[in-house]
Amino acid sequence: MSGLFSSGLSDADKRRALRAGLASGDLQRWPGAFSPLVAKIVADAGFEGVYVSGAALSADLGLPDIGLTTLTEVAARGGAIARATDLPTLIDADTGFGEPMSAARTVAVLEDAGLAGCHLEDQVNPKRCGHLDGKEVVGVREMVRRLGAAVSARRDENFVICARTDARGVEGLDAAISRAKDYVAAGADLIFTEALADLDEFKRFRDEVDAPLLANMTEFGKSDLFTADEFRAIGYNVVIYPVTTLRLAMGAVESGLRKIAADGTQAGVLDGMQHRARLYEFLRYADYNDFDSSIFTYTRAGE
Ligand SMILES: C[C@](O)(C(=O)O)[C@H](CC(=O)O)C(=O)O
Ligand SMILES: [Mg+2]
């Protein structure tokens with residue numbers, strides 16, 4: 001019955017797996033999961049890890065991604081998602097929810113919630129989506145302080161601290177690369193290269209930064225959509241599809257509801273739905289029934 005009520009692996013095991021994936025030289029593909037059930041489908045589809053997007057988490061609460069969510073909300077949802085599978089989960093911690101001491105507390109709380117790692121970005125507070133214009137970054141020293149505090153708060157040395165630089169769109173590529181080097185020196189385990197323009201820019205980062213690198217393949221943003229093989233060919237370590245599952249689901253929800261409103265029945269949209277039977281497979285309904293019947297196998301006195 002392993003993994004029935006929570007993950008089948010310990011948090012420490014998942015963090016070790018995340019470290020091994022980063023060291024493997026193979027591309028790690030982490031789709032965003034906006035709910036624990038979505039994380040189960042990510043695992044079933046054969047991906048190496050799960051990502052929890054700040055943009056998707058805020059959108060799910062009906063909010064724009066401008067730093068309105070709290071650490072408590074993010075840790076609770078992220079923890080529930082992390083516990084839904086045996087895969088490691090990396091979560092978006094935005095700017096760390098405050099000043100450096102708050103960033104340190106953020107790491108401790110996310111560790112306690114069962115996450116395998118988080119990313120902190122070098123934007124000013126309140127942050128913006130990395131693919132919009134008009135964002136601002138803090139100075140390098142400020143971000144190094146943010147990272148240093150985060151790294152010092154970690155108790156499991158395998159919890160991954162990923163540093164994201166948003167500087168490409170603000171200060172240019174050279175500055176972004178130079179910041180990445182400073183962030184590695186400050187203890188970052190992974191560098192999130194945000195909103196690069198083309199594959200050559202990803203290559204430049206790969207050539208110049210001696211640390212695992214993460215590419216963000218968010219749709220409708222500043223970067224074209226490159227394939228997993230293109231990232232493998234240039235030696236990137238991780239690709240995320242942060243808001244993809246939310247966009248897929250919301251596209252289906254919106255068009256499905258319009259059709260039901262027009263037709264007066266769901267009959268015309270059944271084919272696009274996850275069947276009850278498939279849902280029960282993901283939820284392991286049968287295993288819960290077995291568990292239940294193995295617990296309640298008592299007989300009444302005299303029977
Ligand atoms: C990766 C990201 O930080 C997220 O919250 O998922 C976003 C994604 C998006 O808004 O498309 C970002 O790139 O800023
Ligand atoms: Mg984000």
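**Entry 1. The domains.** I looked up the separation of the two domains and found that the C-alpha centres of domain 1 and domain 2 lie 32 Å apart. I note here that this is a predicted model. The domain assignment of the chain gives residues 11-244 to domain 1 and residues 251-297 to domain 2. I then examined the contact between the domains: domain 1 contributes 4 residues and domain 2 contributes 5 residues.

**Entry 2. The largest pocket.** I next turned to the pockets. The largest pocket holds about 600 Å³ of space. I found 18 residues in its lining, and Ala249, Ala252, Gly272, Met273 and Gln274 are the ones that lie nearest its centre. Helix 2 and helix 11 (244-263) are the elements that give two or more residues to this lining. Which helix gives the most to the lining of the largest pocket? I found that helix 11 does, with 10 residues. By class, I recorded 12 nonpolar, 5 polar and 1 charged residue in the lining of the largest pocket.

Entry 3. I recorded a volume of about 320 Å³ for the second largest pocket. Its lining has 24 residues, and those closest to the centre are Ala55, Asp65, Cys129, Thr218 and Val243.

**Entry 4. Helix 2 against helix 12.** Two packed helices are described by the angle between their axes and the distance between the axes. I therefore looked up both values, as this description requires. Helix 2 (residues 36-44) packs against helix 12 (residues 276-283) at an angle of about 85°, and their axes are 10 Å apart. Angles of 65 to 115 degrees count as roughly perpendicular. Helix 2 and helix 12 are therefore roughly perpendicular to each other. I then listed the residues that meet: Leu37, Lys40, Ile41 and Asp44 come from helix 2, while Arg278, Leu279, Phe282 and Leu283 come from helix 12. By class, this contact has 5 nonpolar and 3 charged residues, and no polar ones.

**Entry 5. Two backbone details.** I looked at the peptide bond that joins Asn125 and Pro126, and I found it to be cis, with omega about -5°. Pro126 is placed in the loop between strand 4 (117-121) and helix 6 (140-153). I then checked Phe220, which is not a glycine and yet has a positive phi of about 60°. Where does Phe220 lie? I located Phe220 in the loop that runs between strand 7 (213-216) and helix 10 (228-233).

Note on methods
Residues numbered from 1 in each chain as written. Chains lettered and ligands numbered in written order. Predicted model: local features only at pLDDT ≥ 70, side-chain atom pairs only at ≥ 80, totals over all residues. Heavy atoms only, no water. Axes fitted to C-alpha atoms, helices over the stretch in contact; angles between N-to-C directions. Helix = DSSP H or I, 4+ residues; strand = E, 2+ residues; numbered from the N terminus. Parallel < 35°, antiparallel > 145°, perpendicular 65-115°, else oblique. Contact = heavy atoms within 4.5 Å. Nonpolar A, V, L, I, M, F, W, Y, C, P; charged D, E, K, R; others polar. 1 Å grid on protein atoms, 1.4 Å probe; cavity = no way out; pocket = protein on both sides within 12 Å on 5 of 7 lines; lining within 4 Å. Points joined across faces, edges and corners; volume = space filled by probe spheres on them. Domains from an automatic or database assignment.
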